Amino acid sequence: MCELLGMSANVPTDICFSFSGLIKRGGETGPHKDGWGITFYEGKGCRSFKDPKPSCQSRVAKLVKDYPIKSTAVISHIRQANRGGVSLENTHPFTRELWGQNWTYAHNGQLTGYEKLALGRATPVGQTDSERAFCWIINKLQQDYQSEPTDMLTVFKEIASYADELRQLGVFNMLLSNGQYVMAYCTNNLHWITRRAPFGKAQLIDEELTVNFSEETSDSDIVTVIATRPLTSDEQWNKMQPGEFCVFHFGERIL
């Protein structure tokens, strides 16, 4: 299985601490050695870094870890390949344009029968079940909404119903963002935590690294982190239930 990492914050925030723990799982403390990727949103734009090499050995991952890019929405993924070879085109996250927005997606799990999913004009670049499922979601949204919708909460509820269908094909844990909202959908393993004042210290599970968030934040900051497995040993993470979904808007859970 792959592992997911996402962030939603009310102010531009770096994800260096959490990302440091994740990349250790990419071939060192975990088996997810078949590539990694991360996408940061900056306004309507986004920048992505990907590498089919294990994240624990990747010089690109080290650059990202040491370079504190600040963002209000982040999607990241480390891969253990099961559908599609180890290559750059099969490396998550995947991004597609919809309604003049960059939509970014990453998936953890394995699907069967995914070849039958109707895609319309949304064509996969690689060979993974994950990317095909994303193209299917994009195609469904294009069919259901002829123009950009005004009620995004209804849209995310609709996407959750699509995810319910995909869950019938196997394990479907997902992160999805358009830069303003970050959505998490759980089949079997996904956790989240919201940090706000008063901030304290946290210790990573996968690396000897501790941070005192009170020294890195202001009292008005709200930061939510989503991960397949908790990244810290001394905080209380919320475990999502099968079929549950969450939508975060600038750090706050709104669905």
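A residue counts as buried when its relative accessible area is under 20%. The structure treated in these exercises is a predicted model.

**Exercise 1. Burial of an aromatic pair**

Decide whether Phe 172 and Tyr 185 are buried or exposed, and classify their ring pair.

Solution. Start with Tyr 185: its relative accessibility is 0%, so this residue is buried. Phe 172 also has a value of 0% and is therefore buried. Next take the ring geometry: the centres are 6.2 Å apart and the planes make an angle of 50°. Pairing requires centres within 6.5 Å, and planes under 30 degrees apart would be stacked, those over 60 edge-to-face. The pair is accordingly tilted. Phe 172 sits in the loop between helix H4 (152-167) and strand S7 (173-177), while Tyr 185 belongs to strand S8 (residues 181-185). They are 13 residues apart, and the pair links distant parts of the chain.

**Exercise 2. A second pair and the overall count**

How many aromatic pairs are there, and which class does the pair of Tyr 105 and Phe 134 belong to?

Solution. The count is 11 aromatic pairs. For Tyr 105 and Phe 134, the ring centres lie 4.5 Å apart with the planes at 0°, so this pair is stacked. Tyr 105 is in strand S6 (residues 101-108) and Phe 134 in helix H3 (residues 129-144), a separation of 29 residues. Both Tyr 105 and Phe 134 are buried. Elsewhere, ring pairs join Trp 99, Trp 103, Tyr 145, Phe 156 and Tyr 181 into a cluster.

**Exercise 3. The largest pocket**

Describe the volume and the lining of the largest pocket.

Solution. The volume is about 350 Å³. The lining has 18 residues; nearest the centre of the pocket are Thr 13, Asp 14, Phe 213, Glu 216 and Thr 217. Two or more lining residues come from each of strand S1 (3-13), helix H1 (16-24) and strand S12 (222-227). By class, the lining of this pocket has 10 nonpolar, three polar and five charged residues.

**Exercise 4. Two cavities**

Which residue classes line each of the two cavities of 30 Å³ or more?

Solution. The largest cavity has a volume of about 50 Å³. Its lining includes Cys 2, Arg 79, Arg 83, His 92, His 107 and Asp 129. Sorted by class, the lining of the largest cavity gives one nonpolar, seven polar and three charged residues.

The second largest cavity has a volume of about 30 Å³. Ile 15, Cys 16, Phe 19, Phe 40, Val 64, Lys 65, Tyr 67 and Ile 69 form its lining. H1 and helix H2 (59-66) each supply two or more of these residues. Here the classes come to seven nonpolar, no polar and one charged.

**Exercise 5. Cysteines**

Solution. The cut-off for a disulfide is a pair of cysteine sulfur atoms within 2.5 Å. For Cys 56, the closest cysteine sulfur is in Cys 2, 15 Å away, which is too far for a bond. For Cys 186, the closest is in Cys 246 at 8.7 Å, again too far for a bond. The count is zero disulfides. As for accessibility, Cys 56 has a relative accessible area of 28% and is partly exposed, whereas Cys 186, at 0%, is buried.

Note on methods:
Residues are numbered from 1 along each chain as its sequence is written. This is a predicted model: local features need pLDDT of at least 70, side-chain atom pairs count only at pLDDT 80 or more; totals for chains, interfaces and linings use all residues. Side-chain values use heavy atoms; hydrogens and water are left out. Rings of Phe, Tyr and Trp (its six-membered ring) pair if their centres lie within 6.5 Å; planes under 30 degrees apart count as stacked, over 60 as edge-to-face and the rest as tilted. Helices (H or I, at least four residues) and strands (E, at least two) are DSSP runs, numbered from the N terminus. Buried means under 20% relative accessible area, exposed over 50%, partly exposed in between (1.4 Å probe, protein chains only). On a 1 Å grid over the protein atoms alone, a cavity is a set of points where a 1.4 Å probe fits but cannot get out, and a pocket is an open set with protein on both sides within 12 Å along at least five of seven lines; lining residues have an atom within 4 Å of a point. Grid points are joined across faces, edges and corners, and a volume is the space filled by probe spheres set on the points. Ala, Val, Leu, Ile, Met, Phe, Trp, Tyr, Cys and Pro count as nonpolar, Asp, Glu, Lys and Arg as charged, and the others, Gly among them, as polar.
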